[in-house]
Amino acid sequence: MANPPTLRSPDLLLLALTGLLCAAGLVAIAGATSSMPHLESLWKTQLKWMGLGVVGIIVVAVIDYRHLLKYAFLFYGVVLGAAILSEVLAGLHRGQRALLPILGHEVQTAEPLKLATILALAALLYPRAGSIRSLRDMDIPLVLAAVPTAVVLKQGDLGTALVFFPICFAMLYTAGMHGVYLLFFFSPLAALMAFLPGPQWPFVFAVFLLFLLFVMRDRQIPWLDRIVFLAGNVGAYIMAPIVWNHLEDYRKARLLVFVNPAFDASGAGYHLSQSLIAIGSGGLLGKGWKQGTQGGLQFLPEPWTDFIFANWAEEWGFAGAAVLLGLFLLFLWRVLAIGAGSRDIRGALIAAGVSTLFAVHLLIAVGMTIRLMPITGIPLLLISYGGSSLITALAAVGFVLNAGMRRDKSIP
Amino acid sequence: MNEIPRQAPGSIQNLRTADESGGPRSMRAPMAEKRLARIGAVLALMVAVFLLRLWTLQLKQTEHYADLARENFTRRVRVPAMRGAILDRHGIRLADNRPAYNVTIKRGSGRKAYRQFVEQCEILARHLGRDPEAFVERAKLQLPDRFRDVLVAEDIPWELMLALEERRLELKGVQVVVSPRRVYPYGSTASHLVGYMNEVSRTELEQRQDYQPGDRIGRAGIENSYESDLRGREGEETIIVSAHEVQRDSISRLEPVPGHDVRLTLDSELQASVAEIIEGSPGAVIVMDPRDGAILAMVSYPSYNPDRLGVGHGFINRAVAGVYPPGSVYKILTTAAILEERVVSARTEHFCPGYYGRSRKGCWIWDKRKYPNSPRGHGSLDLHGAFQRSCDVYFYKTGEAMGIQKLHDWAVRFGFGAPTGIDIPGERLKLGNPPDVALTQLQPGEILNASIGQGTVTTTPLQIACMTAAIANDGVLMRPRLGDAILSATGDVVRMIAPEGRDVGLSRSTLDTVQESMYRVVNVLRGTGRTSEIAGLDVCGKTGSAQHEFAHLPTHAWFTCYAPRKNPEVVVVVLLEKAGHGGSHAGPVARKVLLKWQERFQHGESADVAKS
């Protein structure tokens with residue numbers, strides 16, 4: 001006889017934090033569009049989507065998440081199919097890429113794909129938790145992340161494509177993967193060494209490989225995996241310049257500008273320097289709501305979506321930016337805490353996936369405005385204007401609430 | 001067996017649960033809690049890094065970015081200052097500004113804006129009666145310059161300006177901009193004196209910090225010499241622009257300071273009359289007041305029209321830059337010199353047989369082809385006679401006796417060999433008479449030529465005028481000037497331009513003698529300058545027929561004079577290139593000029609005594 005799960009009330013703190021962040025988003029959008037009369041009602045549209053999203057949360061949270069997870073693969077398949085379909089349609093009759101017309105609205109197919117991947121991974125890893133010992137054990141999860149990445153890349157959205165693998169790693173780690181593998185998964189970034197000028201870098205790369213070998217000395221790690229990772233790193237090191245040559249010019253420009261903003265001051269560098277100017281000139285307390293000169297005078301591109309953080313930092317200053325980041329951090333912590341208090345590993349997995357989802361968006365959307373990341377278009381979840389991303393984000397919150405409502409102990 | 005154990009308190013470790021699909025599943029989830037915590041720690045680290053970076057940007061470097069932000073969206077726009085006018089002595093405008101209407105089109109971005117731009121160009125072209133295609137092509141050349149409105153038409157007619165204003169709402173982005181344009185109402189009459197303007201050059205930009213590329217600067221004449229008074233100071237406006245250079249608000253404005261007007265000593269009516277008189281004969285006429293050096297008229301023919309530059313020639317102001325042998329008018333200097341050096345007195349007589357010296361240098365009267373009815377020589381003459389009839393032999397003799405050095409010294413005293421200092425640019429030093437080299441290096445035989453103003457001696461008409469004025473005003477060499485006063489835009493005097501002069505050092509008796517001689521030239525029988533006699537006005541003068549360096553060409557005709565004899569008020573110098581005999585050709589011109597002067601200054605408008 002199964003124990004009926006206790007149904008607790010939804011976590012008020014997480015709700016409050018989500019609400020605060022959404023409200024901040026409305027304030028940010030209103031501020032960023034204040035000087036463009038034709039966009040003045042953007043925040044109202046966002047509010048409308050918010051309402052829809054709230055309904056979504058309720059829908060999602062009502063049904064026990066463990067039950068919902070049974071349909072995770074189905075959901076994943078449908079969303080993935082939709083994404084591929086939109087690509088095919090785009091190829092056929094020049095429809096907008098990545099969008100499917102549903103019920104009269106253009107729906108971003110990539111957004112629900114993120115949530116679907118989280119859920120599918122949660123369902124997949126649930127039986128394997130604790131027994132992930134080698135790459136072979138990770139094969140399907142990695143594929144589960146790789147396919148959406150490829151589809152989204154085909155759609156041309158690099159920013160979103162970067163989201164899937166980190167989510168997958170975080171969830172794998174939560175499911176018991178050896179921490180060292182995390183290092184491996186991120187180490188091909190060392191392929192960057194292939195681009196650094198100077199004769200010493202190949203030598204440094206060699207030392208890095210030796211370091212990897214050393215770190216892998218734990219006997220638990222199978223030899224095959226070690227070889228795969230070494231080969232992978234070497235391969236990345238060699239392939240990197242080739243991949244570079246195949247990059248589109250504007251992507252190249254963005255990367256070069258990230259390294260040196262002066263490189264292309266009127267093109268790709270323009271956005272970055274405008275962003276820095278906007279943020280830097282905000283000072284401690286900012287210029288005031290709707291008083292952002294960079295965003296307001298159209299120097300900042302799309303200040304209600306991609307560069308919304310820059311606009312926020314300009315209007316509210318360091319104080320405001322810190323508050324916003326603090327809110328996000330609390331939010332992420334709360335998600336993780338709910339996951340930690342979860343009844344079973346699935347709740348924890350969902351929490352890990354959702355927090356990583358929000359974190360990667362935060363990392364890229366904020367990082368690029370302050371030149372800690374190259375410029376890549378990606379919305380700041382809950383803040384940036386955009387119905388699809390907002391609803392997806394709220395639905396993700398809904399799932400976390402769901403897990404929290406079914407937990408069997410208090411949240412640490 | 002099917003019992004499900006109670007959940008153990010604590011972490012998710014050792015958790016067993018049943019899911020709805022049946023059957024227990026054993027979950028060994030090693031330290032999921034701890035792992036979540038670790039993930040949390042990484043995220044916290046990320047946020048910390050962000051905060052650190054933000055701290056750097058927003059707190060430490062905020063000034064830097066605030067400056068950049070300001071630069072971003074503010075623009076400093078120059079507000080041009082109205083240039084001062086150039087007036088004659090009665091306030092008549094010789095150089096002025098008038099509004100010119102230029103048409104600009106705001107640039108936009110995108111295909112629609114471009115089409116609109118082309119359409120508007122075509123409309124304008126049709127209004128202006130120009131070929132629409134060519135018009136559009138020319139306008140398109142400016143498109144690459146992203147930061148400026150496109151200037152499509154300059155100085156459109158007033159009616160077109162009105163027509164465009166009426167259609168203003170239709171033609172969005174088309175603007176009529178008023179900009180001041182320099183205009184010269186008197187055209188070619190006073191162009192040498194007033195000057196003209198053109199764009200400032202690159203070297204000038206380097207030297208003068210207060211000029212920007214595209215500025216105009218005075219090039220010749222008063223426009224040039226009083227540039228800093230005329231220019232004023234431009235203002236500045238700071239405006240807010242958006243990313244597409246759309247002007248929004250003005251933040252601050254520094255009003256421009258209009259330039260000062262320059263009032264000249266010139267009488268434009270007299271100037272016009274004199275220009276008419278000399279029309280057709282290359283040469284120069286100067287009318288000057290010997291009491292203070294004020295130039296009342298200065299005409300050089302041929303002239304140019306400053307409103308239509310680039311056409312024709314006539315740029316040289318012959319009055320100040322034309323270099324000619326003075327011929328017999330130089331004898332004024334020689335006479336003064338030999339008197340002062342006591343080589344002769346007024347009564348000293350010498351005999352002129354028509355030639356002089358071993359080389360048998362001829363007196364001009366010797367030439368039988370030209371003067372068939374005259375005797376071969378002048379015969380015996382005193383100084384007055386020699387001067388009055390312009391005998392060369394008398395001056396050969398006395399000049400040689402005096403010596404080249406003394407002649408040279410006196411020449412310098414009379415201002416030869418140096419610029420007169422007139423306040424317009426373009427004066428040329430007289431060739432052949434530079435102070436340091438000069439006459440002292442001439443061969444002994446050349447003193448003869450120098451004494452009568454031939455050979456390597458050359459002067460400008462202005463220098464002759466100054467010399468004459470020095471005799472007229474009893475020995476003060478005045479600095480000639482065109483500028484009289486600097487006035488503010490409201491008419492108040494900002495600064496007077498003061499007369500300057502220096503004493504030549506002539507004794508009373510020398511002055512009396514020279515003045516008497518000059519009187520006789522014009523008013524007494526046998527004087528070479530009888531053609532300029534005017535009843536009631538005691539004109540005193542000297543003729544000159546200067547031999548051109550190519551001796552077969554006609555001589556330059558000179559006449560210099562002052563009037564009236566008692567308390568002289570005017571000096572007139574006439575130089576007609578290759579016109580022939582001074583008395584025959586230059587004299588009558590001077591007479592006409594003097595009559596005109598009388599009209600204006602003794603009986604007419606300019607008959608005011610005080611000029612300050």
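Student: How far is the sulfur of Cys391(B) from the closest cysteine sulfur, and which residue holds that one?

Tutor: Bearing in mind that this is a predicted model, the closest cysteine sulfur belongs to Cys352(B) and lies 3.5 Å from that of Cys391(B), which is too far for a bond. A disulfide needs the two sulfur atoms within 2.5 Å, and by this rule the count over all chains is zero.

Student: Are those two cysteines buried or exposed?

Tutor: Cys352(B) is buried, with a relative accessible area of 2%, and Cys391(B) counts as buried too, at 1%.

Student: Switching to sheets, what is the strand order in the open sheet of chain B?

Tutor: The five strands of that sheet run in the order S14-S13-S25-S24-S23, and their pairing is antiparallel. Strands S14 (295-301) and S23 (540-546) of chain B stand at the edges with a single partner strand each, so one side of each has no neighbour in the sheet. On average, neighbouring strands here are turned by 5° against each other, direction ignored.

Student: And how many bridges join S13 to S25?

Tutor: Six bridges join strand S13 (residues 283-288) to strand S25 (residues 570-576) in chain B, and Val285(B) stands opposite Val574(B) of S25(B).

Student: Ok, new topic: where does Gln515(B) lie, and what is it in contact with beyond its sequence neighbours?

Tutor: Gln515(B) lies in helix H18 (residues 508-523) of chain B and counts as buried, because its relative accessibility is 9%. Leaving aside neighbours within four places in sequence, the contacts of Gln515(B) include Ile471(B), Asp474(B), Cys540(B) and Tyr562(B).

Technical notes. Residues numbered from 1 in each chain as written. Chains lettered and ligands numbered in written order. Predicted model: local features only at pLDDT ≥ 70, side-chain atom pairs only at ≥ 80, totals over all residues. Heavy atoms only, no water. Pairing = 2+ DSSP bridges. Helix = DSSP H or I, 4+ residues; strand = E, 2+ residues; numbered from the N terminus. Axes fitted to C-alpha atoms, helices over the stretch in contact; angles between N-to-C directions. Buried < 20%, exposed > 50% of the residue type's maximum accessible area, 1.4 Å probe, protein only. Contact = heavy atoms within 4.5 Å.
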